[in-house]
Amino acid sequence: MTPLILDTDGGIDDAQALVMLLAHGVRPAAVTTVFGNVTLELATRNILGILPLCEAGDIPVISGQAAPMSQPAIHATHVHGEDGIGGAPIPEDRPAPAGDDAVTYLRETIRANAAAGGKTDLLMIGPLTNLALALTLEPSIAGGIGQLTIMGGTIHGRGNTTPAAEFNIFADPEAADIVFRADIPTRVVPWEPCTTHAMDAAEMDALFAGQGEDPLGAFNKAIAEHSRKVNEGFGAGDVFRFVDPFAAAVVIEPGLVTGAIEASVAVALAPGLTRGMTLVDPSRRLGTPPVTLIETGDLARLRDLYAASIRWRPRDP
Ligand code: BDR
Ligand code: CA
């Protein structure tokens, strides 16, 4: 099986995505962290806390870039809470990071796997800074990436951070530009389908009834409650939206994608209203290699995968 590296900014839905991967037997070879929803320090802390809850504390966590390539860092604590996980309880006793140079880790790992005749898959659910720097320093690693899955960008130009831009791209547009120019088999879960693939309050209440007694259950429940509250505060209703878990689900079960387009993507870099916007061109006039942009997924399967991950415990037979 092709090894997978998860690159994450340690927020609420990143946490859910990580639990979902592990619950479905997709064990990342490593997790690399990046600034984004919160600072790099908090993102790394969160991942180091979640892994032991899933009895996966032996998965190496390598911290990466604390800031974007050419602008000051932005965060989204108004969405993810001051700690990035809405105050959800994680163990005090956490493993130490296995390293603090995710860029070198990505380069060396992709290069070593390629030298052994294999590929490396990447799931990126935060700003794309770590990979962009790795590609800049060593462009040939692009050929060693088997499948890159990204949560980020927009497909129809409706952003969640600015009217035009989605958070992961807006947080480091130069990095996204480098990644979308690279010749890598890439599929993207953009922001818009994340707003339509959701679970309503009744479904969530039923799923979480009787949950929350054990540490992982309490963590999952706190995460879900925070997520619902935030969506309600934004006027989206009391719903749980699949965002990073949508991208995780695509990795777990690629067949759940029911609608996608192939298009070239360019990132708007000029200052102003469109900075960080992903311009999508199915006619491929932008000069970037085409990527797959997911428009729809099988909502019943998404719900099943998520529900199974909420019920999962690491000691399950
Ligand atoms: C993306 O940005 C973050 O807020 C989420 O974790 C997700 O990766 C959504 O725009
Ligand atoms: Ca994220």
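Ala, Val, Leu, Ile, Met, Phe, Trp, Tyr, Cys and Pro count here as nonpolar, Asp, Glu, Lys and Arg as charged, and the others, including Gly, as polar. The views below show a predicted model.

View 1. Ligand 1 has 16 residues around it, of which Gly-11, Asp-13, Ile-125, Phe-167 and Asp-244 come nearest. Helix H1 (12-23) and helix H6 (167-170) are the elements that give two or more residues to this shell. By class, the shell divides into seven nonpolar, five polar and four charged residues.

**View 2. The open sheet of nine strands.** The strand order is E3-E2-E1-E4-E5-E6-E11-E9-E10, and the pairing is mixed. Strand E3 (61-63) and strand E10 (278-281) each have a single partner strand and stand at the edges, so one side of each is left without a neighbour in the sheet. On average, neighbouring strands of this sheet are turned by 30° against each other, direction ignored.

**View 3. The pairing of strands E5 and E6.** Strand E5 (residues 145-151) and strand E6 (residues 186-189) run parallel and are joined by four bridges. Met-151 stands opposite Val-189 in E6.

**View 4. Phe-246 in the largest nonpolar core.** This core holds 100 residues, and Phe-246 and Ala-247 touch the most other members. H1 gives the largest share of the core, nine residues. Neighbours within four places in sequence aside, Phe-246 is in contact with Met-151, Val-189, Pro-193, Cys-194, His-197, Gly-297 and Leu-302.

Conventions. Residues are numbered from 1 along each chain as its sequence is written. Chains are lettered from A and ligands numbered from 1 in the order in which they are written. This is a predicted model: local features need pLDDT of at least 70, side-chain atom pairs count only at pLDDT 80 or more; totals for chains, interfaces and linings use all residues. A residue is near a molecule or strand if its C-beta atom, placed from the backbone, lies within 6 Å of it. Two strands pair if DSSP finds at least two bridges between them. Axes are lines fitted to C-alpha atoms, for helices over the stretch in contact, and angles run from 0 to 180 degrees between N-to-C directions. A nonpolar core is a set of buried Ala, Val, Leu, Ile, Met, Phe, Trp, Tyr and Cys residues joined through C-beta atoms within 7 Å. A residue is buried if 20 or more other C-beta atoms lie within 10 Å of its own, exposed if 12 or fewer, and partly exposed in between; C-beta atoms are placed from the backbone. Two residues are in contact if their C-beta atoms, placed from the backbone, lie within 7 Å.
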